[in-house]
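The stops below tell you what to pick next.

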Amino acid sequence: MRTLKAIFGKLVSDDKANSHKILNLLTLSGAIVAAVALVSTAIIEPHVQALVVIGVIIVAAILILLTANLLNKPLFAAILLNIIFNLFLFPYMFFTSGGINSGCPLFLLVGLILAFATVPRKKIAAIIYCIDLIGPVTALILGYYHPELIETLDTELAATADVLVSLILVSISLSVVYRYQGFFYEKQQEKVEENARLANAATEAKTNFLSNMTHDIRTPMNAIIGYTEIARKNATNKMTLLSALTNISVASEHLLSLVNDVLEMSRIESGRFELQCEPASITELIDKVETIMRPEMEDINLHLVIDTSEVEDDTINCDVLRLTQILINVLGNAVKYSHPDGHVYLSVAQKENAAIDSIMCEIKIRDEGIGIGSDFLPHVFEPFTREKTTTVSGIPGSGLGLSITKTMVEMMRGTISVRSESGKGSEFIIRIPFDVPTLVEYDTAEELMKKYNFEGNRILVVEDNELNCEIVKEIMQEVGCEVDTARDGTYAIEKIRLSPPGYYDAVLMDVQMPLMSGYETTEIIRSLDNEKLANIPIIALTANAFDADREKALSSGMNDFVSKPIINSELMSTLQNYLK
Ligand code: ADP
């Protein structure tokens, strides 16, 4: 039942033109009705001629369905349907089943409707309709002048019954087409409306963005213009001049940070934002952030209390620039929305993480400032939202900082949350998992041998660069592996395809190769007929060490990922999960 439903769903799926769906629907219902007729005729009154006609209808219907869907030639199938039914089957039925005094004229009518219902292009449909006409017109004229050619039905009752059955069958098939036509139309209408809604939402977002930007750019611009004028008028008054210049500098800085935020946002939205991870000291990074924030904090006599006592692995793999930016954004807000003479607390703690060689960093930034009202709290991370405008609060801002911060945190596979109470202060909690570089990075051959023994395993190294290939081969041989090599993806596929299942225990796959990339090669290997061969562990070796590449490797079907230049211990600990 489920398979039938799936087949039906495919026959009327949205990617098909309406005429194609109607063609499928009509042919399918025709085939079903004919199949029922075949069984009932065989049981009630087995008449060879009738059985042959019905059989031909079923075969024709199947042929048409296959042509339209498997060969994907709906136009050809529609023409076939029209020709078979109008020029042969219905006229034949007309002469063998009672002519004008039976239900046949009703079928002739259905036949003539087929052209416009199933042929997609109007002009072709009109031509087919004209050709279709030849069948019924010839049948009617020939029947009129040569009535002896028609096999009449035996009794008046038989004729009436035939008309009745034909009436029911024809009306049902026309109703089905009519209903479905309406149904397809409604579905299309819904889609159009949904697209229009999305387009409107995008336009609205753009309009909001522009009006927000215009307002936010105007504010510092007005200040710059205004204070420049004051400076010009007070060129001889040093105090006023200095104060005007200071204000100009503040407004310019704000303008610059606004432009930077917008650029950052558009970079994120256009997908041109990639993390660049490298080993870095978390405590040094915090020191740097403190240095950057100090002048601003000293201005209002704010004290930054830093606690890194729960840092266990100081060196982590991270995008230093982005992590610094995250901390400065949140810390900047803590300072901006704090009262003078208060405290801001920054703590970093490291917790166990499920993944090996990875640690969960929990960074908390707490202030005792104005806090966030419960109404606004759920919206703090939305772009361009602020609890109070600059005009009301006197605090400059664009409402973009936290939105950018959240996106960056999430790109690092982390989370950010906030606890806050109006008038009491806020606490932002950022949790990000970081990889911890293994300390024993360059183990010697003897050290490797002591730690890992992969004797009895055979590895296929797929690498186009000869030198790299030699290096990997040597490392793997040192830990007891038998190593075979392939100089590109095509060779690798052949070697694996022709090998007995289990011959290779794992594949180390370079990603960038000239003829076929490692991703494509993996996809082909994963689609091999032999399940065991198709599921062979494949580990990517790549110089592109960003998250996006890792995800690409995994989504192409690779099991794991080791970055180049190869760190022996990293390669071994990864392989350990896949080898005997
Ligand atoms: P901006 O600070 O430029 O307005 P953000 O996206 O950084 O934009 O913050 C959005 C809003 O969240 C701010 O306008 C402010 O209302 C609120 N907010 C953020 N951090 C704090 C904080 N530490 N204390 C109080 N309110 C905050």
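**Ground rules**

This is a predicted model: local features need pLDDT of at least 70, side-chain atom pairs count only at pLDDT 80 or more, and totals for chains, interfaces and linings use all residues. Residues are numbered from 1 along each chain as its sequence is written, and side-chain values use heavy atoms, with hydrogens and water left out.

**Stop 1: colour by confidence**

pLDDT is the predictor's confidence in each residue, from 0 to 100. The protein averages 86, and 93% of the residues score at least 70. Select helix H11 (residues 390–393): confidence is lowest there, at a mean of 65. Now select strand S6 (residues 415–421), where confidence is highest, at 96. Where pLDDT is low, the predicted coordinates should not be read in detail.

Element names follow DSSP runs, numbered from the N terminus: helices are H or I with at least four residues, strands are E with at least two.

**Stop 2: the open parallel sheet**

Show strands S8 to S12. What is their order in the sheet? It is S9-S8-S10-S11-S12, an open sheet of 5 strands with parallel pairing. Strands count as paired if DSSP finds at least two bridges between them. Strand S9 (482–486) and strand S12 (560–563) are the edges; each has a single partner strand, so one side of each has no neighbour in the sheet. From one strand to the next, the twist averages 25°.

Zoom in on S8 (residues 458–462) and S10 (residues 506–510). They run parallel and share 4 bridges. Pick Ile459; its bridge partner in S10 is Ala506.

Contact means heavy atoms within 4.5 Å. Axes are lines fitted to C-alpha atoms, for helices over the stretch in contact; angles run from 0 to 180 degrees between N-to-C directions.

**Stop 3: strand S11**

Is it enclosed or open to the outside? 5 of the 5 residues of S11 are buried, so the strand is largely enclosed by the rest of the structure. Buried means under 20% relative accessible area, exposed over 50%, and partly exposed in between (1.4 Å probe, protein chains only). Ile538, Ala540 and Thr542 point one way, Ile539 and Leu541 the other. In a regular strand the side chains alternate between the two faces of the sheet.

Check both flanks. S10 and S11 run parallel, joined by 4 bridges, and Asp510 stands opposite Leu541. S11 and S12 also run parallel over 4 bridges; here Ala540 faces Phe561 in S12.

**Stop 4: strands S2, S4 and S5**

Select S2 (residues 303–310) and S4 (residues 343–352). They pair in the parallel sense over 6 bridges, with Val305 opposite Tyr345. S4 and S5 pair in the antiparallel sense over 9 bridges. Find Glu352, which stands opposite Ile359 in S5.

**Stop 5: the largest nonpolar core and H10**

A nonpolar core is a set of buried Ala, Val, Leu, Ile, Met, Phe, Trp, Tyr and Cys residues joined through side-chain atoms within 4.5 Å. The largest has 49 residues; Cys318, Val344, Ile365, Phe428, Ile430 and Ile432 touch the most other members. Helix H10 (residues 320–336) gives the most to this core, with 8 residues.

Centre on Ile430. Beyond residues up to four places away in sequence, it touches Ile326, Val330, Cys361, Glu362, Ile363, Val409, Thr415 and Ile416.

12 of its 17 residues are buried, including Arg322, Thr324 and Asn333.

A separate core of 35 residues lies elsewhere; Ala34, Ala68, Ala78 and Ala115 are among them.

**Stop 6: two serines**

Pick Ser374, in the loop between S5 and H11. Ser374 is exposed, at 62% relative accessible area. Draw a C-alpha to C-alpha distance to Arg419: 9.8 Å, for residues 45 apart in sequence.

Finish at Ser19, in helix H2 (residues 18–44). Ser19 counts as buried, at 13% relative accessibility. Leaving aside neighbours within four places in sequence, Ser19 contacts Ala117, Thr118, Val119 and Pro120.
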